[in-house]
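Trainee: Good morning. May we look through this model together, starting with a single residue?

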Amino acid sequence: MLLDDLYAGYGRTDVLKGVSAEIPEGAVTALVGPNGAGKSTLLGVLAGTVPLRRGKVTPDRGARSARAARPAFVVQRSAVPDTLPLTVRATVAMGRWAHRGLWRPLTRHDRAVVARCMERTGVADLADRGLGELSGGQRQRALIAQGLAQEADLLLLDEPSAGLDHEARGRIGRTIAAIAAEGVTVVHATHFAEEARGADHVLTLGGGRAAAV
Ligand SMILES: Nc1ncnc2c1ncn2[C@@H]1O[C@H](COP(=O)(O)OP(=O)(O)OP(=O)(O)O)[C@@H](O)[C@H]1O
């Protein structure tokens, strides 16, 4: 995927000021940079939730693949209230809404996708537990499973390891790597050097621009 001279921001301020970079397909790209550098903003641009003011994003296969035009965005875990009365299975099943429409019953295929996504992220044995009962790492993996259930080609994760301990971060890293190995392009924002080192590709944001490492 090619990012060409991207400008985006809020109000009168541009946060991204000419970001150009390549994001390799089927690999893990870590997005790093100081607080406020624009990592979430760039993820929002790729997700289509933050409008581009200038520049363009060209998916490598995008012109030919409708699925590539439907990225999955996994928001920061802190954006999900602990008290949300949802089981893990129901949370992951929400990822099928894009396919089924809201409140439509799940098909057998949908249920199979949900089950597989829970397995891929290691939360299958927690399927009937409430989100509020889970550890931070388990909840994060349930949210990643929800993103996966959308069957998008591009999985965007905003600081998936924020607030997690070393072991839980390692598990998230392995989950992300396994997802990319199945052909999904993964872009995740991170503050952890070890997590960035584990990625295939690192994009550093600073001063509104990007540098690949
Ligand atoms: N919805 C918004 N409205 C106005 N300004 C915003 C909005 N979202 C972000 N900003 C501002 O844009 C700048 C970049 O924010 P962004 O969240 O993209 O950075 P980040 O690199 O993800 O930061 P962090 O590491 O703290 O999550 C910041 O100055 C922030 O205050």
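Trainee: Which element holds Arg 169?
Mentor: Arg 169 sits in helix α6, which covers residues 166–181. Helices (H or I, at least four residues) and strands (E, at least two) are DSSP runs, numbered from the N terminus. This is a predicted model, in which local features need pLDDT of at least 70 and side-chain atom pairs count only at pLDDT 80 or more, while totals for chains, interfaces and linings use all residues. Residues are numbered from 1 along each chain as its sequence is written, and side-chain values use heavy atoms, with hydrogens and water left out.

Trainee: Is Arg 169 buried or exposed?
Mentor: Arg 169 has a relative accessible area of 13%, so it counts as buried. Buried means under 20% relative accessible area, exposed over 50%, and partly exposed in between (1.4 Å probe, protein chains only).

Trainee: How far apart are Arg 169 and Val 32?
Mentor: Their C-alpha atoms are 16 Å apart in space, and the two residues are 137 residues apart in sequence.

Trainee: Which residues line the second largest pocket?
Mentor: Its lining includes Arg 169, Gly 170, Gly 173, Ile 176 and Ala 177, and also Val 28, His 188, Glu 194, Glu 195, Gly 198 and Ala 199. A pocket here is an open set of points on a 1 Å grid over the protein atoms alone, where a 1.4 Å probe fits, with protein on both sides within 12 Å along at least five of seven lines; lining residues have an atom within 4 Å of a point.

Trainee: Which elements give two or more residues to that lining?
Mentor: Those elements are α6 and α7, the latter being residues 193–197. Helix α6 supplies the largest share, 5 residues.

Trainee: What is the volume of the second largest pocket, and what sort of residues line it?
Mentor: The volume is about 160 Å³, taken as the space filled by probe spheres set on the points, with grid points joined across faces, edges and corners. The lining divides into 4 nonpolar, 4 polar and 3 charged residues. Ala, Val, Leu, Ile, Met, Phe, Trp, Tyr, Cys and Pro count as nonpolar, Asp, Glu, Lys and Arg as charged, and the others, Gly among them, as polar.

Trainee: And the strands? What sort of unit do β6, α6 and β7 make?
Mentor: They make a right-handed β-α-β unit. Right-handed means that, with the strands pointing away from the viewer, the path from the first strand over the helix to the second runs clockwise.

Trainee: How many bridges join β6 and β7?
Mentor: Strand β6 (residues 154–158) and β7 pair in the parallel sense over 5 bridges, and Asp 158 stands opposite Ala 189 in β7. Strands pair if DSSP finds at least two bridges between them. Strand β3 (residues 28–32) also runs parallel to β7, joined to it by 4 bridges. In that pairing, Thr 29 stands opposite Val 187.

Trainee: How many residues of β7 are buried?
Mentor: In β7 (residues 185–189), 5 of its 5 residues are buried. Thr 185, Val 187 and Ala 189 lie on one side, with Val 186 and His 188 on the other, and both faces are covered. In a regular strand the side chains alternate between the two faces of the sheet.

Trainee: What comes in the loop between β7 and α7?
Mentor: Thr 190 lies in that loop. With 2% relative accessibility, Thr 190 is buried.

Trainee: A change of topic: why is helix α1 described as largely enclosed?
Mentor: In α1 (residues 39–47), 7 of the 9 residues are buried, so the rest of the structure largely encloses it. Among the buried residues are Leu 42, Leu 43 and Leu 46. Just after α1, Gly 48 takes a positive phi of about 90 degrees.

Trainee: Lastly, how do β8 and β9 pair?
Mentor: Strand β8 (residues 201–206) and strand β9 (residues 209–212) pair in the antiparallel sense over 4 bridges. They form a hairpin with 2 residues between them, and Gly 207 in the turn has a positive phi of about 60 degrees. Gly 206 stands opposite Arg 209 in β9.
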